[in-house]
Amino acid sequence: MDDKLATPVCKRVETQPFGQLPDGRQVEIYQLTNAQAIELHITHYGGTIVSLKTPDHSGHLDDIVLGFDTLSAYLSKAYQQVNPYFGALIGRYGNRIDHGRFTLNGQAYTLATNDGTHHLHGGDQGFDRVLWQAQPFSHDTASGVVLRYTSPDGEEGYPGTLDVEVTYTLTDQNELIIDYWAKTDQPTPVNLTQHSYFNLEGAGQRSILDHHLMLNAEQFTPVDESLMPTGELRAVAGTPFDFRQPTPVGQRIDQADPQLSYGRGYDHNFVLNRDQAGADEVVVAARLWAPSSGRVLEVATTEPGIQVYSANALAGDLTGHKGQVYSRHAGLALETQHFPNAPNQANFPNTILMPGTDYHSRTVLRFSTFSTQ
């Protein structure tokens with residue numbers, strides 16, 4: 001982790017008040033704008049992407065992520081009960097850990113069980129609910145925000161003090177680069193990710209079932225009835241999970257497949273094809289595009305997996321940008337990650353961060369359009 005990105009702020013970054021937390025701490029929102037008029041709004045509460053406006057094929061800007069226009073909406077009882085993690089940073093451990101338990105160096109650890117009997121996305125007070133320190137920056141061709149948080153030893157049951165830094169960088173090449181860094185003073189599981197829900201037709205205006213999705217994955221990790229991976233790596237060939245060729249998200253989502261019935265849609269980790277790529281080399285994980293707007297999102301990452309979640313639990317009881325009601329399948333989350341429950345699965349990629357070792361992960365979101373004529 002270093003501060004070389006922290007240069008003087010110019011008009012590419014604007015800071016505005018966003019509200020205050022119940023304990024009186026002030027929350028701000030940062031507006032980043034690039035040369036192509038893409039607008040990104042981030043708040044340091046939860047490191048949340050609140051809004052992301054990109055042009056469609058005709059140049060019309062619209063929000064392509066699910067979210068709210070006020071801090072109070074993120075703090076509301078209605079939102080906290082559903083807790084879909086709109087746009088939030090997730091940690092210490094993204095996704096699920098079986099029964100909130102793992103053993104490390106012979107010692108058993110118990111975490112919060114906030115997803116039925118399982119631990120999900122860092123627990124009751126994960127990184128999505130903390131107020132990060134924020135430092136905006138700007139260059140000639142990019143702007144962004146550096147977010148920092150120190151998670152104390154024992155927070156949510158995790159061992160070790162974890163220093164975390166996440167940098168959002170919006171470039172004039174229409175890329176949003178997310179860099180995650182972490183250091184620890186004790187061995188501890190770490191799996192950081194970002195939980196935005198994308199709708200490339202404009203947030204909440206229609207479902208994402210007609211979006212076309214390509215995944216660079218020949219395997220996925222099947223789950224049991226509680227959505228916990230079984231440890232198997234299963235081939236996608238011949239299943240509703242085969243997105244190696246561009247396929248509408250909704251084309252097979254209602255097929256009579258036990259894996260789809262468990263989560264009422266897609267909520268699965270896909271094993272990315274990294275071939276001979278180095279650990280710090282990004283490879284294309286997914287491409288998503290919308291047939292009406294012509295918007296395209298490409299996701300590239302250093303991570304070995306990506307969770308595809310088709311917003312199966314949204315039920316129309318949350319209202320977001322422009323008064324849009326967020327119903328089932330209103331967005332698609334593409335969470336780059338290590339695998340769920342890796343601390344309990346020896347055959348999954350290792351997620352234990354050791355003292356003296358830097359955790360670094362990068363995900364790049366690339367935005368473009370195509371003609372719909």
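A pocket here is an open set of grid points with protein on both sides within 12 Å along at least five of seven lines, and its lining residues have an atom within 4 Å of a point. With that in hand, let's look at this predicted model.

**The largest pocket**
- Its volume is about 490 Å³.
- Helix 3 and strand 25 each give at least two residues to the lining of the largest pocket.
- Sorted by class, this lining holds 11 nonpolar, nine polar and eight charged residues.

**The second largest pocket**
- This one has a volume of about 380 Å³.
- Among its 18 lining residues, His338, Asn350, Asp358, Tyr359 and His360 are the closest to the centre.
- Strand 27 (352-353) and strand 28 (359-369) each contribute at least two residues to the lining of the second largest pocket.
- The lining of the second largest pocket has eight nonpolar, six polar and four charged residues.

- Most residues other than glycine have a negative phi, and most peptide bonds are trans.
- The peptide bond from Gly91 to Arg92 is cis, and Arg92 sits in the loop between strand 6 (88-90) and strand 7 (96-97).
- Arg264 has a positive phi, near 60°, and belongs to the loop between helix 3 (258-263) and strand 22 (267-272).
- His329 has a positive phi too, near 65°, in the loop between strand 25 (305-309) and strand 26 (332-337).
- Is His329 buried or exposed? His329 counts as buried because its relative accessible area is 7%, and buried means under 20%.

Notes: Residues numbered from 1 in each chain as written. Predicted model: local features only at pLDDT ≥ 70, side-chain atom pairs only at ≥ 80, totals over all residues. Heavy atoms only, no water. Helix = DSSP H or I, 4+ residues; strand = E, 2+ residues; numbered from the N terminus. Buried < 20%, exposed > 50% of the residue type's maximum accessible area, 1.4 Å probe, protein only. 1 Å grid on protein atoms, 1.4 Å probe; cavity = no way out; pocket = protein on both sides within 12 Å on 5 of 7 lines; lining within 4 Å. Points joined across faces, edges and corners; volume = space filled by probe spheres on them. Nonpolar A, V, L, I, M, F, W, Y, C, P; charged D, E, K, R; others polar.
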